[in-house]
Amino acid sequence: MKVGVITFPGTLDDVDAARAVKYAGGEAVSLWHADHDLKGVDAVIVPGGFSYGDYLRCGAIARFAPVMQEVVEAANKGMPVLGICNGFQILCEAHLLPGALIRNHKLHFVCRDQWLKVENNETAWTTRYDQGAEILVPLKSGEGGYQADAETLKQLEGEGRVVFRYVGDNPNGSRNGIAGITSANGRVVGLMPHPEHAIDALTGPTDDGLGMFLSLLDAVVSA
């Protein structure tokens with residue numbers, strides 16, 4: 001399994017995402033933002049950070065990067081894509097996922113370990129979890145409030161496309177407590193918390209995040 005991990009100017013968590021891929025038994029392939037080349041990968045991770053300094057709006061510039069043109073085309077053909085934190089923002093800006101992420105409702109950067117409930121375990125990234133399971137992974141963001149209009153929210157909820165939901169108090173004002181969503185075909189997933197920081201109990205709060213990368217391995221092997 002070859003998984004591309006994109007690096008933009010300002011990306012922070014590409015190394016962590018690559019490490020998670022390796023923990024799951026895959027090969028991490030570095031993808032540069034300025035290249036029109038996915039290097040034959042089976043899936044792509046758009047990692048967290050502050051791409052292009054978050055100028056204009058988080059992810060607004062990154063969506064126009066040459067590599068994202070290739071990602072959008074590949075995703076529309078069924079390639080699994082995961083957007084984490086800033087990566088989630090970029091996927092929304094690129095219209096691979098609906099909605100948008102805005103400033104946290106209390107206008108403070110949130111950095112804490114966060115419990116999530118697995119709402120959908122049928123995506124390419126979540127099959128290793130039991131539906132309804134609760135996992136603990138780090139959350140670190142200033143613009144993590146998921147917003148969408150009422151019709152979009154109704155569609156996401158009705159079609160089972162909410163993948164993760166915050167447990168307990170809502171850390172950022174996300175509508176319906178949404179922490180992550182998926183595309184209609186279950187191949188593209190975006191979430192604000194960081195599963196790549198929870199793949200080893202020695203370095204993270206748990207190893208609960210590893211299940212996402214193992215799920216991808218299953219999806220690629222069975223494809």
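Select Arg165 and Glu119 to begin: they form a salt bridge whose closest N and O atoms are 2.8 Å apart, the term denoting a side-chain nitrogen of Lys or Arg within 4 Å of a carboxyl oxygen of Asp or Glu. Arg165 lies in strand E9 (residues 162–166) and Glu119 in the loop between strand E6 (110–118) and strand E7 (134–141), so the pair ties together parts that are 46 residues apart in sequence. Helices (H or I, at least four residues) and strands (E, at least two) are DSSP runs, numbered from the N terminus.

This is a predicted model, in which local features need pLDDT of at least 70 and side-chain atom pairs count only at pLDDT 80 or more, while totals for chains, interfaces and linings use all residues. Residues are numbered from 1 along each chain as its sequence is written, and side-chain values use heavy atoms, with hydrogens and water left out.

Keep Arg165 selected; this residue is buried, at a relative accessible area of 18%. Buried means under 20% relative accessible area, exposed over 50%, and partly exposed in between (1.4 Å probe, protein chains only).

Next, select Asp218 and Arg128, a salt bridge with its closest N and O atoms 2.6 Å apart. Asp218 belongs to helix H5 (residues 210–222) and Arg128 to the loop between E6 and E7, so the pair links distant parts of the chain, 90 residues apart. Asp218 is partly exposed at 31% relative accessible area, and Arg128 is partly exposed at 43%.
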